[in-house]
Amino acid sequence: MELLLLVWRNLTARLTRSLFTWLGIAVATASMVLFLSFGEGLRQALTAEMGNFGPQIRVVAEGTDAFSPPLPELPPEMLDQIKALAPDLGILKVIPAVVMFRGGFDPATSFLFYGLPEGSDPRDFYPPAQVAAGRLDPWPDGAVVGAKKAELSRLDVGRPLRLSRDVTVKVVGVLEPASSMVDNFIFVPLKTLQRVLGTENYGVFLLLLDPNADVDEVARKLEAAVPGIDAQSTTEALKFAERALRIGDLIRFGISLVALIVGGLLVANTVMMSVFERTREFGVMRAIGARRRFIFGLVLSEALFLSLAGGLAGVLAGVAGSAVINLYTQQAVGLALSAVTPRLALFSMAIALVLGLSAGLLPARSASRIPVTEALGRI
Amino acid sequence: MLRAANLSKRYRQGTALVTALEGFSYDFPPGATAVVGPSGSGKTTLLNLLAGFDLPSEGEVELGGARLDRLGEDERAGVRLNHAGFVFQSWNLLPTLTALENVAFPLLLAGVSPQERRARALGLLEQVGLAARADHRPNQLSGGEQQRVAIARALALEPAVLFADEPTGNLDSASGHRVLDLLLEHAVGERRLVLVTHDLEIAARAERVLHLRDGRLIKVEEAAAV
């Protein structure tokens, strides 16, 4: 008959109430796990994405953030300027590109076009890219489509793809699924996209560096030498993404905190009611010789047990929910956007623990402080 | 040992000060001592003070060599655990535990190992004739059986003093006699039984009877005279 057995007996003696409380905690924790799993999923997807991203530096017009499609604001002279600096800085290849986004939030009707120069193909952008049908090179007037985009918009090889009123290209290649953002891209010739946008400018210069070059150093030197640009390294982009994700995490945690507080109040209410109902029981324990801290520990353990069991169920439900979400996002954009990482699971359990502790402290204190004579009704 | 000297207890009820016990002094000798008196005579207050459930307004209480009137709540609980056992009129047992677990509870508090707890608790249940009911919960036991489990529990740590407050109050006469026999069996050698009752027939089974009235000890009767 250990303390845990006492806790278990007390909770199961009021089974329905304990079950509802446990369920409340589980739902609150599951909702937090799900909310935060988006941040973790995006983090994982981005890290994997950046690891597979070919160019080490992305040059865009000053003020463009790392994850927005850049506007065609880089003039051709700038390309010459950077090409001239390339040998000294250890830049092996400069790929000028243009990015165009069409459509809305629905993945089936949104299109992200990448205009690549002649002699360049999707592998420069994403080295593991492989062709599933047709060819890899969109030049002179074709389009190479990512696997998910091809599936969602039915863009098989040979299908025409209208970029604007007077510019239409034909699908010449479809990529193998890569579980990457590339799955949603359409690569077209640079000149074609510039014609669509009515510009000679570029949106981005993708730089492939000498493996021995110090990426951040090169980025700094470029920014100093060419005014009006942002040279973003992969690590810098990840840092930027991390900042954005953290803000998102905080907002999501804030929302789920409401559910968590409600869960905590449920536990506090359950334990407090149980304390009131068991006043005599505590009196008997104290009469026999139980010290205050024994009663305190017993009641606190009940709150902790409820919270941890609810937290565990919540994490498991969160894992299941995250898997369901990923089924959908895999289907929609070819990416798993939700992830329950070990650190998220541990964080959730820690929150459940804190919840149990805070919910149990007051009832435990009350239970341990009832005078023996009062508890036994001996006044 | 159990000794009270000049023990008084006063409660504040609204603006009035109520005296529940006044100037009680008695050195409880080994054996059974009954405390009798009408309702409101101070019996419960006296037991509360002797057992350290409450602190006196004045006076001294000594139990097992410790001055309870000088100790805090937790220290008094420690003294109770090691030196006293309790049997109340009702609501003695922890409802979520089996008879065996109830008997083993003081042993758990005293830090006895699980195996030894079980063995000793079973032995005690045998002594009170309830070994066969060891795995029953209190609500599966009759009133008399519950009191016998409570006695087994009170004896678990072989206390020097056993306090019983109207232990037969809720029982039929056969069960009541059995419970009383068990309590008196314990009050041998250096052990003491303090039996609070309003039933003079029960009190007559003790070796001495203390009569309380209006919070004062008015008479001490020895067995021969009872």
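This report walks through a predicted model of a complex, from its confidence scores to its interface and a few local details.

## Confidence and ground rules

The predictor gives the complex an ipTM of 0.91 and a pTM of 0.75. Where pLDDT is low, the predicted coordinates should not be read in detail.

Residues are numbered from 1 along each chain as its sequence is written, while chains are lettered from A and ligands numbered from 1 in the order in which they are written. Local features need pLDDT of at least 70, side-chain atom pairs count only at pLDDT 80 or more, totals for chains, interfaces and linings use all residues, and side-chain values use heavy atoms, with hydrogens and water left out.

## Where chain B meets chain A

On the chain B side, 32 residues are in contact (heavy atoms within 4.5 Å) with 25 residues of chain A. Between them the two chains bury about 2700 Å², 61% of it on carbon and sulfur atoms; that is the accessible area (1.4 Å probe) that two parts lose on being put together, summed over both.

Seven residue pairs are in polar contact between the chains, both residues at pLDDT 80 or more. The term covers N or O atoms within 3.5 Å; within protein, one must be able to donate a hydrogen and the other to accept it, and residues adjacent in sequence count only if both atoms are side-chain atoms. As for who does the touching, α1 (43–50), α2 (73–83), α3 (99–109) and α4 (114–127) of chain B each supply at least two residues of the side that touches chain A. Helices here are DSSP runs (H or I, at least four residues), as are strands (E, at least two), numbered from the N terminus.

## Salt bridges

The rule (a side-chain nitrogen of Lys or Arg within 4 Å of a carboxyl oxygen of Asp or Glu) finds 29 salt bridges over all chains. Three of these cross the interface of chain B and chain A. In one, Glu101(B) pairs with Arg9(A), the closest N and O atoms being 2.4 Å apart. Glu101(B) sits in helix α3 of chain B and Arg9(A) in helix α1 (residues 3–13) of chain A, so this pair joins two chains. Glu73(B) and Arg292(A) also meet in a salt bridge, at 3.5 Å, N to O.

Most residues other than glycine have a negative phi, and most peptide bonds are trans. Trp139(A) and Pro140(A), though, are joined by a cis peptide bond, with omega about 0°. Pro140(A) is in the loop between β4 (131–134) and β5 (142–145) of chain A.

Arg154(A) is not a glycine, yet has a positive phi of about 50°. Look for Arg154(A) in the loop between α5 (147–152) and β6 (160–162) of chain A.
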